[in-house]
Amino acid sequence: MLTLTDSDFQNLYTYIKKNYGIDLSKKKQLIVSRLSNTLAAQGFSDFTSYVKDITSGRDPEMVTAMLNKLTTNYTYFLREEAHFQYFQEVVLPDLAKKHARDKSLSIWSAGCSSGEEPYTISIYLKEFFGAQASQWDTRILATDISQKILNSAIAATYSEESIAPLPASWKQKYFVKANNSQYTVAPALKQNVIFRPFNLMEPIQFKRKFDLIFCRNVMIYFDQDTKDALVRRFYNATVPGGHLFIGHSEGLTKATCPYQYIQPAIYRKASK
């Protein structure tokens, strides 16, 4: 296994923290174990030259490949189901009333990984609006830093294990069997999600503010200051009365969080 010097380690984790918000300052062994094979496959004989290439920023795909190795993209349909129950029972009825005239919702899946989250949200939207779904613009913005993982989300092919938590009727309605163990998302569901690359460290300057932001199991990689700054940006990008859902393993600092706490991992911006 290759050796990562303290100097190279500091240069690498400082670059990652500054540009992507991910705090790996205590993860030296993880970096070595997860990247050694990558270095060998790419023809690097040591970490020094690899770190120089990474921190130069010349090859964004090389950087995102590294981040994919160092973070976990594991997800599945209906993850943290309590969120979706609240979405169905509280958020959607409220949004249906609020947008009765314009019939246009604004929902963001931030750090969408391989797409299970935004497609799950879409299913709930289709189920809630039923026969009227075609009259509503419920398209979801789904972003991730990695174009490779977004390509996987756009392809929308999932294993039987990944869709296992879904009711049988939903599997039949919203998925097409590709082979014995693979399923593809039905076209109507695919068309309801807009995938875009986006770095959460960048200013949030989308055309519309959001009724609901999902950012779940993303901030576990951020230190407190980075997390607080991101939450403030989310808050400014949320409409009054809008919600933020985070992962159940994450928590926001009560003293600095601008949102109102609703229940575990669910927050709301006060209405004007």
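## Cysteines

A disulfide is a pair of cysteine sulfur atoms within 2.5 Å. In this predicted model, that criterion gives zero disulfides. Cys215 takes part in no disulfide, and the nearest cysteine sulfur, that of Cys112, is 11 Å away. For Cys257, the closest cysteine sulfur is that of Cys215, at 13 Å, which is too far for a bond. A disulfide would need the two sulfur atoms to be within 2.5 Å.

Are Cys215 and Cys257 buried or exposed? Cys215 has a relative accessibility of 0% and therefore counts as buried. Cys257, at 14% relative accessibility, also counts as buried, because the term covers residues under 20%.

## Helix H6

Helix H6 consists of 14 residues, numbered 116–129. From its first C-alpha to its last it reaches 20 Å, close to the 20 Å expected at 1.5 Å a residue. Just after H6, Gly130 adopts a positive phi of about 55°.

How much of H6 is enclosed by the rest of the structure? Eleven of its 14 residues are buried, so the helix is largely enclosed. The buried residues of H6 are Glu116, Glu117, Pro118, Tyr119, Thr120, Ile121, Ser122, Ile123, Tyr124, Leu125 and Phe129.

## Surroundings of Ser122

Ser122 lies in helix H6 and is buried, with a relative accessible area of 0%. Which residues does Ser122 contact, leaving aside its neighbours within four places in sequence? They are Ile140, Leu189, Asn192 and Val193.

## Salt bridges

Side chains of opposite charge can pair when their charged atoms come close. The model has eight salt bridges. Among them is the pair formed by Asp223 and Lys17, whose closest N and O atoms are 2.6 Å apart. Lys17 is partly exposed, with a relative accessible area of 28%.

Asp94 forms a salt bridge with Lys98, and here the closest N and O atoms are 4.0 Å apart. Both residues belong to helix H5 (residues 81–98), where Asp94 and Lys98 are four residues apart, about one turn of the helix. Asp94 counts as partly exposed at 33% relative accessibility, and Lys98 counts as partly exposed at 40%.

## Further charged groups

Another salt bridge joins the side chains of Asp137 and Arg139, with an N to O distance of 3.0 Å. How accessible are the two partners? Asp137 is partly exposed, with a relative accessible area of 27%. Arg139 has a relative accessibility of 43% and so counts as partly exposed.

Which residues are linked in a network of salt bridges? Glu80, Glu117 and Arg216 are linked in this way. Glu117 is also one of the buried residues of helix H6.

Terms used. Residues numbered from 1 in each chain as written. Predicted model: local features only at pLDDT ≥ 70, side-chain atom pairs only at ≥ 80, totals over all residues. Heavy atoms only, no water. Buried < 20%, exposed > 50% of the residue type's maximum accessible area, 1.4 Å probe, protein only. Helix = DSSP H or I, 4+ residues; strand = E, 2+ residues; numbered from the N terminus. Expected span 1.5 Å × (residues − 1). Contact = heavy atoms within 4.5 Å.
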